[in-house]
Amino acid sequence: MSRTAKRSRKRTKPSAKQTMKPKTKYVSRRPSRCSRRAKLLKPPCSRITRPRFKQGAFSRTKLPGATHCFTEHTYTGAETGQGEHALPPQDTSSLSMYSYGVVNRGKHPAIVQVQVSPNAVDYAVDSQEVIEGGQTKALVPLRFLHYTRLVLLPVNPAQPTRLDVYFQAQRMLVR
């Protein structure tokens, strides 16, 4: 068809077939530079809220939009009975900072040991504290191994006491 024939041809409304053509959208898989800069300026833990826990519950906090910035485990009402009471081990291999908060809710003193282990079977005593009745202490391990746990002992086996233990940890994000 010649150019003049194309020009002189009357324009008509598109047919039903022509209007049914699917529209193709091209989406870039690579994020734009602006969105990458915005993510760098926004701190990864900006949506942290204080988690709520039920009494006696074992818990782990997972934050939306953050890759495990903060973790907390609670052990409320742990008793120092006749012998030693070991709390479950914590995998501390990928944590940059962690500590235990121990609150003695009873009247009698208790011995609290921080123990570390390379394999969650063989433990060595890292540090030891005596916590008087009604007192709160923060315990930080001095040495690093793959696993860490607390062992609770009564000073006098005839005088058991009740302890609340809080394990709190933080992981630094490198991006």
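User: How many helices and strands are in the chain?

Analyst: Three helices and nine strands, taken from DSSP runs (helices H or I, at least four residues; strands E, at least two) and numbered from the N terminus. The pattern along the sequence is α-α-α-β-β-β-β-β-β-β-β-β. Keep in mind this is a predicted model, where local features need pLDDT of at least 70, side-chain atom pairs count only at pLDDT 80 or more, and totals for chains, interfaces and linings use all residues. Residues are numbered from 1 along each chain as its sequence is written, and side-chain values use heavy atoms, without hydrogens and water.

User: What's the mean pLDDT of the chain?

Analyst: It's 76, with 59% of residues at 70 or more; pLDDT is the predictor's confidence in each residue, from 0 to 100.

User: New topic: what share of the chain is buried?

Analyst: 28% of the 175 residues; buried means under 20% relative accessible area, with a 1.4 Å probe and protein chains only.

User: Which residues touch the most other members of the largest nonpolar core?

Analyst: Val102, Val112, Leu139, Leu150, Leu152 and Val165, out of 18 residues. Such a core is a set of buried Ala, Val, Leu, Ile, Met, Phe, Trp, Tyr and Cys residues joined through side-chain atoms within 4.5 Å. Strand S9 gives the most, four residues.

User: What is leucine 139 in contact with?

Analyst: Beyond neighbours within four places in sequence, its contacts include Val102, Val112 and Leu150, where contact means heavy atoms within 4.5 Å.

Methods: Buried < 20%, exposed > 50% of the residue type's maximum accessible area, 1.4 Å probe, protein only.
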